[in-house]
Amino acid sequence: MMEKVLGPLPKHMIARADRRAEKYFRRGLRLDWPEGAASRESMKAVWKLPRLQNLVMQHVDHSAGDLIDLLQGLLRYDPDERLKARQALQHPFFTRCHRRCGY
């Protein structure tokens, strides 16, 4: 589900995974289905999931660019690239509303 919504795991993270993690990957490139979770219904449900940007756009108006950017930063796979809480609070999603709303 994560790869469907957020995109594939970064190759450098897969390469750093130790041998115990190999069971979670298909051909060493993509996450595999958890054991016992690959029913036809599960697979169909996951394949129907939209990417994060499209998912957000289904529920908010078209000015959701800042929200999408914030969520993408918070949900990055690599913890070194992921937004920290302090950085997130300085994100335009919050600062623009702060100025616009007069808080």
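Leu 49 sits in the loop between α3 and α4; helices here are DSSP runs of H or I with at least four residues, strands are runs of E with at least two, and both are numbered from the N terminus. This is a predicted model, in which local features need pLDDT of at least 70, side-chain atom pairs count only at pLDDT 80 or more, and totals for chains, interfaces and linings use all residues. Residues are numbered from 1 along each chain as its sequence is written, and side-chain values use heavy atoms, with hydrogens and water left out.

Leu 49 counts as partly exposed because its relative accessibility is 24%. The classes are buried (under 20% relative accessible area), exposed (over 50%) and partly exposed (in between), with a 1.4 Å probe and protein chains only. Leu 49 and Lys 4 are 45 residues apart in sequence, yet their C-alpha atoms are 6.7 Å apart. Lys 48 is in the loop between α3 and α4 (52-57). Lys 48 is exposed, at 69% relative accessible area. From Lys 48 to Met 1 the C-alpha separation is 10.0 Å, across 47 residues of chain.

## Overall fold

The chain has 7 helices and 2 strands. Along the sequence, the order is α-α-β-β-α-α-α-α-α. Of the 103 residues, 18% are buried.

## Helix α1

Met 2 and Leu 6 give two views of this helix. Met 2 is in helix α1. Met 2 is partly exposed, since its relative accessibility is 48%.

Leu 6 has a relative accessible area of 27%, so Leu 6 is partly exposed. Leu 6 and Leu 75 are 69 residues apart along the chain, and their C-alpha atoms are 7.8 Å apart.

## The largest pocket

Rolling a probe the size of a water molecule over the atoms shows where empty space is left. The largest pocket has a volume of about 400 Å³. A pocket is an open set of points on a 1 Å grid over the protein atoms alone, where a 1.4 Å probe fits, with protein on both sides within 12 Å along at least five of seven lines; lining residues have an atom within 4 Å of a point. The volume is the space filled by probe spheres set on the points, which are joined across faces, edges and corners.

The lining has 13 residues, and the closest to the pocket centre are Met 1, Glu 3, Leu 31, Trp 33 and Val 46. At least two lining residues come from each of α1 (2-6), β2 (30-31) and α3 (40-47). By class, the lining holds 8 nonpolar, no polar and 5 charged residues. Nonpolar covers Ala, Val, Leu, Ile, Met, Phe, Trp, Tyr, Cys and Pro; charged covers Asp, Glu, Lys and Arg; the others, Gly among them, are polar.

## Phe 94

Phe 94 is in helix α7 (residues 92-101). Phe 94 counts as partly exposed because its relative accessibility is 35%.
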